[in-house]
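Dear colleague,

Please find below the structure that I am handing over to you. My notes on it follow directly after.

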Amino acid sequence: MMEREANGVILNRFVANCRALRIDTEIKQNAIKTFHSLNVDGVLSNDADDWLCCAVYSELQKNKMKDMRQDEEHSKTKDLESWDKKARFHSWNISVTEVLRIFKINIKKFLKRMEHWNWMAQNPDVFQQEICDLDRRLGITLLLAHHYKRIFNQLYVLPVSKESQSHYHMIYEFGWLLFLVIRNELPNFATTNIINGCQVLICAIELVFLNALEVHKSHIINTDFKGVPPKWCTSHFDTNRLDKYSAIEAICQLIPELPEKGVCIMKSSFFHEAVMGLFMDQRLLGNDRVKRELIKDGILEVNLTSLNRCYAIHVSDISEMDERVLLKYDAQSPTNKARDTKLSNGKEDTAFAFADQLVDDTQRDNLRQLVWQELPKSLPVYISNVLGKSDSSLLQNSLRDMCLKFEVAANLNQDAAECRFKLVSGLYYMLLDKITEAELRRRPTIKLGQMLMQLQSTFNATLIACCLQLVLHIFETQETSLQFPWLLDCFDIDAFEFQKILELVVRHESGLLTRDLIKHLREVEAQCITSLIWRKNSQLWRIYAGAGLPTYQSVQSSSGQENSKVTQGSIVICLRKFYHLANQRLSYLCKGLSLLARYTQIWHIVEHSIVVLGTELLQQRHLDQLLMCAVYLCARTARLRISFSDIIQQYRRQPLARSDIYRAVHLTDGQAATDIISFYNQVYVKRMADYARELQCEQFSDSNSDSIPTSSVIRPLQNISNKMCLKSNGHKTNVFVSPEAMPPICMYNRCKAKIITQLATPVNLKRAHSTNELGEPTSTKRPNILSRRTTFQ
């Protein structure tokens, strides 16, 4: 099951990440302990890797600040070595870029996550200031990197010969690295002010350009650039003239909004002093008198190595980002583009042919991940051999027919359609191979060809549809008409069948998909399970026609059926996920509304609405709608001062909340959708009021709860304890990695949620319609994911 990844797999991945970073055991333990203390309601579990990264970064910062305070105290009495040198030997001296690389999280996403984390963990203001400074520095550096690439393409051209190409790329790296090192030598104004940063960049570009001009008739110099000295191309050009030559004016013209005077002042004062400091420390080799000979006769390689070492030491401070990651060359000039096209191989062409359509870094990462996997272009050979020519053609024709229908329905042009078809077909062949291999390992005697053809109309179609959905997500636009479940409607695929293939893909993708793509499949699966499988024409209603849906307890106790019949097993897995989501989301509502004491009572109401009245209340509706109605019904029976507005506001704080859940609720066939309060008044309360009034769960009443046998209750969706001890050097510690359990569900065998014979004084459970409670969400400075902290302590 997809949900089971959250325990052992995430723990193993976290421990492996910490090992790769060489993080101290104490830091590792404190990070995971803090994570679980903030993940009481399980909201952080879906993106556990991201939040664990935040936890590690936060602990590293705490250790850094602790050491800084201690060093400051000791420095009052002792003459210690500089902080920069001492910092290298501390446990926290890891660049933030290295942390993000190991945890595989995008820097922009990390900054947003850390804003949330600092608030949840109630970290001191200085922690948030660190993140704000990092965010500001990143924004400035990205802009400067854009200017650097654009200016570089005006000053240089990519030569044809491989030897000259190598020199060209080294010059590109050297210019950016020189700028980074010199900027770090200057006061803070160079990193916090975009104008001053741009001035330093121009000075570094000019210094490298003049040194590149020393290589007479160099093939990398763009002779059309105005900054090239007169007669430089002739054999009579004297390179000594470069000692007093300046290209500042010509380079500044490439950034018209940057005054030349300010650049000249920066060059003659701060920049000159910083460069001379590099010469004095022998971090740069060359002629220090005129700042030349930096790239001649093999010195370029030495200077590159020296600057890389110098910069690496600087960014080992955890508060720094390694901005060398922006070195990747991305030619923009028409000349370079034409040459790159000739030099690039087919794989790169496929990878980036449509990359300019993608405006989001995550989308680009998703695309690159698939292309770098070298997706196959045909069916696996062993599958083709088993199927034979006729049946192989049948599968591939299904693939092309569905892609063609997708192309027409999505209104794609020919180039876009061809690009997507290559990705979809490659994904399909790869996933089919992985899933089939796993099935053969599990059942070696299976007749593969017969199985594939028997499942051709379901398994094959849903697998192709899954690949199409992944590609849709990669090229996601603001076009809401193509958002899921558009794909299911396009191919008339049953949501119950579709969610089964999602389970197989995530279980067997084996590193093919990025975490973002897997997360998308999880969200699609949740959408299927919470609403789409309950559509009127869903297979589940035909399976359970007249019999009623199974209870939570019967689903939990039917584990043996998973392997007996494929159909029955898939239903059990699906309904377990359904009840797990119900438990998780109801827990979130109850905790936010301080209703945990009433959780068992509300759960009985929810289960009754599903098991007994599912056809009337769940069909054509969303699980969240029944949960909100159950919470309000319980509040009314207990005469609690909780309004529907309170419930809706708490629901909005959930990560996957949507306004249409409470604004557009199915009423009855033939009638327009209405809001959730009207649904509660006109449908829900009429069918559920009597049950809620008469409900009594003896095993969880306040009077005798202490006498209940422990075995009468099990944790939701847990067949065994999922506690795991964090190990360090082979020894167990007392830090547990399992999140705190959600509220228990009544599993007492004799509990029938008994009906009391004499009713209490009738309570008015109906309520008047209030449109004010369905208003737009109130603005808040804090992210919604954190709003729960304001509702309970």
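At 68% relative accessibility, K226 counts as exposed (exposed means over 50% relative accessible area, buried under 20%, and partly exposed in between, with a 1.4 Å probe and protein chains only). K226 sits in the loop between α10 and α11 (248-252); helices are DSSP runs of H or I with at least four residues, strands are runs of E with at least two, and both are numbered from the N terminus. Not counting residues up to four places away in sequence, K226 touches A250 and Q253, where contact means heavy atoms within 4.5 Å. The C-alpha atoms of K226 and A247 are separated by 8.6 Å, although these residues are 21 residues apart along the chain.

Please note that this is a predicted model, in which local features need pLDDT of at least 70 and side-chain atom pairs count only at pLDDT 80 or more, while totals for chains, interfaces and linings use all residues. Residues are numbered from 1 along each chain as its sequence is written, and side-chain values use heavy atoms, with hydrogens and water left out.

T514 is buried, at 15% relative accessibility. Leaving aside neighbours within four places in sequence, T514 is in contact with D365, N366 and Q369.

Turning to the aromatic residues, the count comes to 27 aromatic pairs (rings of Phe, Tyr and Trp, the last by its six-membered ring, pair if their centres lie within 6.5 Å; planes under 30 degrees apart count as stacked, over 60 as edge-to-face and the rest as tilted). The rings of Y148 and Y172 have their centres 5.4 Å apart and their planes at 40°, so this pair is tilted. Because Y148 belongs to helix α7 (residues 125-155) and Y172 to helix α8 (residues 162-185), the pair ties together parts that are 24 residues apart in sequence. Both Y148 and Y172 are buried. One aromatic cluster is formed by Y148, F152, Y156, Y168, Y172, W176, F179, F209 and F225.

As to the cysteines, a search of the whole structure finds zero disulfides, a disulfide being a pair of cysteine sulfur atoms within 2.5 Å. For C590, the closest cysteine sulfur is that of C634, at 7.9 Å, which is too far for a bond. C590 is buried, at 0% relative accessibility, and C310 is also buried, with a relative accessible area of 16%.

With kind regards
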